[in-house]
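This briefing covers selected local features of one structure, grouped by topic. Please read the points below alongside the sequence and the coordinates.

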Amino acid sequence: MYAVEKKFEIEMKLRKEMTNIQELKAAAKRSSSLANDVCNVLGACEQRLQQLETAVLPLYGDTARLQHIHQNMERTVRSLDHVINYYMVTRELADLIQAGPNTSTTETLNVYLEALDKLADAQGYFNKNNPQSIELENINQLYNTGVSKFENAFEDLLNRNTRPLSPTTLMDMIALEEDSSVDSVSVSGSGSTVGGALDSMRAAAAWLSAAGAPPAAQLLAVRAPAAKSSLLAFKDYQRSRSMAHSPLMRAKNFLHRSDSTQRRTSRLQKVIEKRANKIMMKASQTLEQSTGLAIGPRKSVVETYTEENTEYLDDWEAEMAGNVAAAVCRLARHEQRHLLGLVPLPRLPPLLAAVLSQCFAILATDVERACARSRRAAGRCGGGAGSWAVLARLTRLLPELERALAPASPQPYTNILHACQQNCIKSLEEWVEGIRNDGAAGPVDGTVHQLAAAALAHCQALAAHIHTIGPALATEPSYVRAVSQVSGSHDRNAVMLAIYMRKVLAQLNFALRNKSEQYPDALKAIFLLNNTLYLLQGLQRSGLLDVLMLAEPECEANYRDMIQEHKNAYLQSWNKLLQHTTLDEPLPAKLRDRDRQILKDKFASFNREWEECSRAQRTYSVPDAELREALKRDNKLAILPPYTTFYDHYASLPFSKNPDKYVKYSPVQIATQLDGYFDEAA
């Protein structure tokens with residue numbers, strides 16, 4: 001049963017497969033028929049496409065040839081138009097070129113520049129393609145005319161917009177030098193250029209530079225005189241403003257006043273001068289007693305004013321030179337700002353140097369004049385610090401000038417600075433030489449010598465420029481060696497100044513000792529005592545003692561030792577007087593004639609010596625109140641005890657019928673007179 005079913009199932013599957021095979025054969029037959037139909041259609045299409053290609057390809061070739069011909073025709077037309085423009089450029093631009101450029105605005109200037117560029121382009125075309133053409137000659141002539149007119153217009157524009165800076169504008173710039181950067185300084189006012197005009201000049205200069213003719217010569221011809229005029233006007237303004245208030249003008253008016261209603265005879269002038277001299281003498285003596293600053297021979301009114309004027313002129317020349325240096329820095333920045341963009345950058349450094357060359361020459365002359373005055377003052381132990389003020393100003397302005405001249409070299413300015421530095425160093429040595437050669441006699445009353453006051457003032461003035469003096473002296477081998485011998489780490493600038501001060505004070509001490517030889521022993525000691533104490537107190541008061549101790553640690557102790565030495569020398573001047581208060585041997589109870597004569601001689605000699613000493617020492621001057629009182633106390637301690645003993649023992653003895661003739665002074669009277677020493681009113 002199972003086998004029958006299995007067989008039936010197989011037969012059914014076979015029958016189904018046979019049916020499928022028949023259907024596949026039918027489908028294959030239909031597919032073959034459709035494929036044949038498609039192949040026939042495709043063959044027909046291919047045949048027709050071949051026929052179309054055969055018909056279209058010649059048409060494509062004709063079209064390409066026509067397009068190439070059209071392109072050639074267009075290029076030919078454009079070239080003809082371009083060439084025709086070259087031939088027509090002289091006719092089109094002749095009127096514009098002959099009229100010259102309009103520099104009122106940048107737009108109108110650009111129109112002219114475009115015309116010149118067209119002419120330059122035409123020149124290039126004919127030079128390349130037809131250099132024998134007559135049209136090239138016309139173009140060259142018109143182009144040269146246009147360039148010439150353009151250069152003249154540029155120079156005229158430059159002249160119209162270049163004016164010297166006014167002195168007040170420069171003063172405003174200088175006043176801002178310590179408070180603001182260079183870029184922040186306003187330069188509005190005379191000499192400034194309107195923005196539109198500056199743009200026009202830059203556009204014109206750029207075209208000239210591109211054309212191979214940078215306007216350096218025109219700029220130099222216009223800007224250099226303007227810069228020089230600005231500096232000269234500034235100097236004149238400074239001179240007129242300063243001299244109007246100077247002691248020179250006041251002295252001139254005082255000494256040479258004229259009165260239309262009264263003519264002064266030479267005799268009257270002599271009387272007036274004599275009275276003025278007396279007034280000056282009394283005032284000077286009062287100043288000596290109070291301060292010790294009026295020293296040496298008395299000067300007439302004319303001499304006094306002349307000395308003051310000389311010192312004023314020294315300071316004035318130094319201040320003027322410093323102001324001129326500041327003005328040159330501002331002018332350099334001003335010129336840099338105006339020249340930038342007018343010439344190519346590589347040409348700017350030489351142009352800036354040429355524009356400012358005359359300004360640097362003026363500055364060099366002023367600095368040299370100030371240094372020469374300072375050196376002359378140093379030679380006579382006067383001010384002498386003016387050149388250091390100039391050097392300090394020049395050094396402070398150097399970075400600003402380097403920025404202002406960039407990219408130009410500041411060599412002219414640094415040359416001036418180095419020359420000023422050498423003069424300053426020489427002035428220091430000339431000051432020391434001036435002390436050595438000073439021939440002024442010491443004051444008759446033994447007060448402070450003018451040389452000591454001048455030396456102290458000189459050191460104080462130099463201390464104000466310590467940061468300038470230090471680097472300058474560091475270039476001197478002798479000072480470098482001296483600094484290397486100073487132990488410890490200190491401010492190098494202060495050590496340099498200390499070494500120089502040591503040299504000045506050593507030479508001063510030597511000079512004062514030489515001058516003291518003109519005095520008797522007592523006044524010699526007073527003179528040296530006054531000057532030594534004055535120097536010590538001045539150094540302490542000004543703070544210079546701390547500086548000096550860097551090079552001479554024992555200087556204060558040395559000064560105090562010298563003061564004590566001079567005090568002892570002064571007290572020893574009483575030895576001659578005190579010899580008359582002692583006896584070689586005691587006197588007997590009953591006086592003999594010889595004993596009476598000894599006492600008479602002792603008292604008489606004491607009185608004579610005392611009167612001579614009193615007469616001389618009442619004219620001595622001790623300006624310092626503390627020293628004056630100390631000397632009075634020392635005098636009393638030196639004189640009163642031996643004299644009191646002598647007086648108490650022998651004044652009451654009957655050695656003379658007229659004792660008042662010999663016993664003139666009691667110890668109280670001696671003390672009273674000692675209290676009056678060194679006092680003007682005594």
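Where is the place of Ser166? Ser166 sits in the loop between helix 3 (134-160) and helix 4 (167-175), where helices are DSSP runs of H or I with at least four residues, numbered from the N terminus. The model is predicted, so local features need pLDDT of at least 70 and side-chain atom pairs count only at pLDDT 80 or more, while totals for chains, interfaces and linings use all residues. Residues are numbered from 1 along each chain as its sequence is written, and side-chain values use heavy atoms, with hydrogens and water left out.

**Ser166 and its contacts**

- Ser166 counts as buried at 18% relative accessibility; buried means under 20% relative accessible area, exposed over 50% and partly exposed in between, with a 1.4 Å probe and protein chains only.
- The side chain of Ser166 makes a polar contact of 2.7 Å with the side chain of Thr169, and another of 3.1 Å with the side chain of Thr168.
- A polar contact is a pair of N or O atoms within 3.5 Å; within protein, one atom must be able to donate a hydrogen and the other to accept it, and residues adjacent in sequence count only if both atoms are side-chain atoms.

**Helix 10**

- In helix 10 (residues 348-355), the buried residues are Leu348, Pro349, Leu351, Leu352 and Val355.
- These residues lie on the same side of helix 10 because they cover an arc of only 165 degrees around the axis, the arc being that of the directions from the helix axis to the C-beta atoms.

**Cysteines**

- The count of disulfides is zero, a disulfide being a pair of cysteine sulfur atoms within 2.5 Å.
- For Cys371, the closest cysteine sulfur is that of Cys420, at 3.7 Å, which is too far for a bond.
- Cys371 is buried at a relative accessible area of 0%, and Cys613 is also buried, at 12% relative accessibility.

**Aromatic pairs**

- The model has 13 aromatic pairs; rings of Phe, Tyr and Trp (its six-membered ring) pair if their centres lie within 6.5 Å, with planes under 30 degrees apart stacked, over 60 edge-to-face and the rest tilted.
- One of them is the stacked pair of Trp574 and Tyr677, at 6.3 Å centre to centre and 20 degrees between the planes.
- This pair links distant parts of the chain, 103 residues apart: Trp574 is in the loop between helix 20 (555-572) and helix 21 (575-578), and Tyr677 is in the segment after helix 24 (667-675).
- Trp574 is buried at 0% relative accessibility, and Tyr677 is buried with a relative accessible area of 0%.
- Ring pairs join Tyr570, Trp574, Trp610, Tyr677 and Phe678 into a cluster.

Notes
Helix = DSSP H or I, 4+ residues; strand = E, 2+ residues; numbered from the N terminus.
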